[in-house]
Amino acid sequence: MKLKDEKKLDAVIAATCRLAAERGLFGLTLAEIAKAAGIGTSTLYVYFADKEALFNEVFRRAKRDAVDFYGGEVDATAPLKARVRGVWTRMLDHRLRWHDEVSFMEQFVGSSFMSDESRAYSSRLSDGLMQIVTEGQGAELLKAVPAPFLTSLFIGSVRETARLIRAGAITDTEESRAIAFQLCWDGIRS
């Protein structure tokens with residue numbers, strides 16, 4: 001059995017994300033991914049049995065990296081609004097820097113490729129944001145509505161702000177970020 005080369009694995013993951021962002025997830029073949037990664041299709045099968053296994057691994061890695069990035073540098077002792085702003089800002093920065101990975105994740109979550117294991121993994125990694133929402137609702141600082149509504153509004157605000165910046169509709173300045181965050185905050189606070 002051949003040993004797996006981490007550089008090749010990283011190239012496969014990067015190629016998968018890039019192709020999904022450029023052309024969409026559906027219709028991608030393992031042969032196209034292998035070619036874009038600079039390896040043979042037979043080598044790709046050393047790493048993954050099929051496309052579903054590949055996509056689930058790409059998702060888990062991208063999700064883990066994203067959550068690690070979101071949670072970095074957020075002061076757990078700061079007031080709730082400051083923590084929410086910190087996570088919002090980190091999520092926006094992540095979307096702007098790692099567009100291909102984010103694009104892959106968004107397409108994957110709505111696909112039939114997502115395994116129950118990946119769903120459970122995603123749910124576990126989302127616990128940090130849910131804890132902030134639960135705390136904010138407990139302190140009556142955030143709207144007393146089902147938490148998925150608040151997290152959807154929050155994530156939607158980040159996604160659309162990143163889209164506007166990438167499209168050039170708004171300039172990425174502290175002022176535009178402050179306006180976008182304030183609109184999000186006004187939507188979720190009590």
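This report describes the fold, helix packing and selected residues of a predicted model.

**Overall fold**

The chain contains 10 helices and 0 strands. Along the sequence the pattern reads α-α-α-α-α-α-α-α-α-α. Of the 190 residues in the chain, 41% are buried. Among contacts with a separation of 6 or more, 70% are between residues 24 or more positions apart.

**Contact of H1 with H2**

Two packed helices are described by the angle between their axes and the distance between the axes. For helix H1 (residues 6–23) and helix H2 (residues 30–37), the axes come within 8 Å and cross at roughly 115 degrees. The crossing of H1 with H2 is right-handed. On the H1 side, the residues that meet H2 are Ala11, Val12, Ala15, Thr16, Arg18, Leu19 and Arg23. H2 contributes Glu32, Ile33, Ala36 and Ala37. By class, this contact has 7 nonpolar, 1 polar and 3 charged residues.

Aspartate 50 and valine 12 are 38 residues apart in sequence, and their C-alpha atoms are 13 Å apart in space. Aspartate 50 belongs to the loop between helix H3 (41–47) and H4.

**The two sides of H7**

Helix H7 spans residues 116–125, and its residues Ser118, Tyr121 and Ser122 are buried. These three lie on the same side of H7, because they cover an arc of only 100 degrees around the axis. An α-helix has 3.6 residues a turn, so residues three or four places apart point the same way. The buried residues of H7 pack against helix H4 (51–71) and helix H6 (99–109). On the face turned away from the buried side, H7 carries the exposed residues Asp116 and Arg124.

**Histidine 94**

Histidine 94 is part of helix H5 (residues 80–97). Which residues does histidine 94 contact, leaving aside its neighbours within four places in sequence? They are Ala66, Phe69, Tyr70, His99, Val102 and Met105. Histidine 94 counts as buried because its relative accessible area is 4%, under the 20% limit.

**Individual residues**

| Residue | Relative accessible area | Class |
|---|---|---|
| Cysteine 17 | 1% | buried |
| Cysteine 184 | 2% | buried |
| Histidine 94 | 4% | buried |
| Aspartate 50 | 38% | partly exposed |
| Glutamate 140 | 64% | exposed |

Cysteine 17 and cysteine 184 are both buried. A search of the whole structure finds 0 disulfides.

Aspartate 50 is classed as partly exposed because its relative accessible area of 38% falls between the limits of 20% and 50%.

Where is glutamate 140 placed? This residue is in the loop between helix H8 (127–138) and helix H9 (147–167). Glutamate 140 has a positive phi of about 60 degrees, although it is not a glycine. Glutamate 140 is classed as exposed because its relative accessible area is 64%, over the 50% limit.

Technical notes
Residues are numbered from 1 along each chain as its sequence is written. This is a predicted model: local features need pLDDT of at least 70, side-chain atom pairs count only at pLDDT 80 or more; totals for chains, interfaces and linings use all residues. Side-chain values use heavy atoms; hydrogens and water are left out. A disulfide is a pair of cysteine sulfur atoms within 2.5 Å. Buried means under 20% relative accessible area, exposed over 50%, partly exposed in between (1.4 Å probe, protein chains only). Helices (H or I, at least four residues) and strands (E, at least two) are DSSP runs, numbered from the N terminus. The arc is that of the directions from the helix axis to the C-beta atoms. Contact means heavy atoms within 4.5 Å. Axes are lines fitted to C-alpha atoms, for helices over the stretch in contact, and angles run from 0 to 180 degrees between N-to-C directions. A crossing is left-handed if the near helix is turned anticlockwise from the far one by less than a right angle, and right-handed if clockwise. Ala, Val, Leu, Ile, Met, Phe, Trp, Tyr, Cys and Pro count as nonpolar, Asp, Glu, Lys and Arg as charged, and the others, Gly among them, as polar.
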